[in-house]
Structures are given as C-alpha cells and as structure tokens.
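Hi,

Here is the structure I promised to pass on. Have a look at it first, then read my notes below.

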Amino acid sequence: MQPDSKQADKANTLAAFLRDRRTRLDPAVFGFTGRRRTPGLRREEVAQRANISPTWYTWLEQGRGGAPSADVLDRIAGSLLLTDLEREHLFILALGRPPEMRYRPADGVSPRLQRLLDAFDACPAFIKTATWDVLAWNQAAAVVLTDYATLPPDRRNILRLVFCNPAIRAKQKDWEGMARFLVGAFRVDAARAGAVKEIADLVDEMCRASADFARFWKENDVYAPSEGIKRLQHPELGSIEMEFSGFAVDGRPDLGLLVYNPLDEQIKDRIRALVARRIGTGPAGH
C-alpha cells in the first residue's frame, strides 16, 4: 500500500469515528431544537461546541481535514462527550499516539480489583496511585509488608513509610539501594500518569522530612518500576526474597498493581499460616 493510500485510510477511519459519535448525541441535551432529517448533532453544532471552523470540521468528517492538533482534538472530544477510552482512540486515529495522561485523584478501587488482590493468598499485593498512596491491599501484604489498616489514609504513602518510618527501614536488607530505586521509579510513575504537578507538594514535604530523599531526588535517576527483587528481614518470617512485578490497571492510568512473589515455597506456606491466624483473630485489613 502506498503512503498516500495509508494516509487516506487513516483519515477515513477518523472521519467514520467522528460521524458515528456525532450521530449518537441527543440535540435536546445541548439545547438544540428543531426538526432534523438525521439523528444526532449537526456538524456545525459540534464545531460550535468545539470552537473550531464548521468548514474544517466538515472536512474532518469527509476525510480531508488534515491532522488536528492535540488541543483541537481535546476540544472535539469534549464537544462529543467522549469517554476517556474514546478520547484515547480519537488521538490514536488522528495522531498515531495516545494523548498525554491527565491525572485524576483516586479514592478507592472497585470490588473486582479487591477480589483480584485477595486471590493472591501467599503473594503480597496492593494497588497504588501515581503519587504512591496505597489504596487497597490483600492480607498477605498486611502480614509481610505493612498493616495499612492501622494507618490513617494520608499515612499510607509508600515514600512516607520508607523514608519516615524506622520500623519499615529496619526490615530492609539494603535500605539505601532500595530507597534510591524507589525514588527513581516514583519519578517515572508520576511522569507517565501526568502527575508531575500533583507530586510537587509531596516532593517538597519529603525533601524537608528526609535528607536521604532529598539527596536521591537531586540525582535525577530513573528506574523501571515494573519489576525487581525485594529482600526483607521479617520479624516472624525471617529472611525473605520476593520477585515483584508491576501491572497497569486497564482504563485507570493513575493506578498500578504491584505483586510480590516469594521465591521460597516454605515461606509462602508460612505467609498463609500468618494470614489464617490474622483472619481468625481480627477483621480483614482492607
């Protein structure tokens, strides 16, 4: 297929998507009245809502408008009331890439995600935000990592725990190496989620609270937050080595799932025993 042909196919696919979403909208919702021969908004009404030229929008729906800017695509997405997923699809069709991430605070997880966490009976797992607040966790995480249920929500931040909690620090076999890695991975996570502005206050707080954090932050190192090895000296389980893997939560770029897999099967059995003891003596920790 020739380059011009590929470009035409791309423009036609974008045009079809725009037409389809426009015809699904109810004009009355936007205050537009009068009889219509076809369903949905008129092209000039979409253009008016997006503050762009009606002629150019018509060209876009005809597959001959050229590539819109990201700003124009955002306005078109808003005018068509596109969902986050539809907005991402619009950008990929028009520009060949997804839009820049828009950070949004999260205040909890769905029951489906919590059930997924609970399915890891011997593997500590939790859901964290782009600012590294722990939103949800399983029982294995409570007995191996931290009993987050005993902490106020604003203290369930991974950076605050690692750099400001002596008990957490004492459990790490190589605290400095681990902490330096965390800072670099945190930097990457925040940038990927479009939360660079949102972490500014937290970074300032951590720099004041911990000279170590301030030193690592100034190094500007970046690390892949998706996998690695975590080594702990646990008060009840002894020496633990766990592989960890990070996963994106589909449709929620602001959230990440982290799962720790103990390498020793006997350790897994002992974690299950601790969880069973915990469930038998107290409420669930999430």
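**What I found**

Of the 286 residues in the protein chain, 44% are buried (under 20% relative accessible area, with exposed over 50% and partly exposed in between, using a 1.4 Å probe and protein chains only). Keep in mind that this is a predicted model, where local features need pLDDT of at least 70, side-chain atom pairs count only at pLDDT 80 or more, and totals for chains, interfaces and linings use all residues. Residues are numbered from 1 along each chain as its sequence is written, and side-chain values use heavy atoms, leaving out hydrogens and water.

The protein chain has 13 helices and 5 strands (DSSP runs numbered from the N terminus: H or I of at least four residues for helices, E of at least two for strands). Its C-alpha atoms fill a box of roughly 75 × 45 × 40 Å along the principal axes.

Now find helix H10, residues 175–192. Its 18 residues should span 26 Å at 1.5 Å a residue, and its end C-alpha atoms are 25 Å apart, which agrees (the expected span is 1.5 Å times one less than the number of residues).

Which residues of H10 are buried? Among them are Trp-175, Leu-182, Phe-186, Arg-187 and Asp-189. The cover over the buried residues of H10 includes strand E1 (125–129), helix H8 (158–164) and strand E3 (227–234), going by contacts, meaning heavy atoms within 4.5 Å. Just after H10, Gly-194 has a positive phi of about 70°.

Cheers
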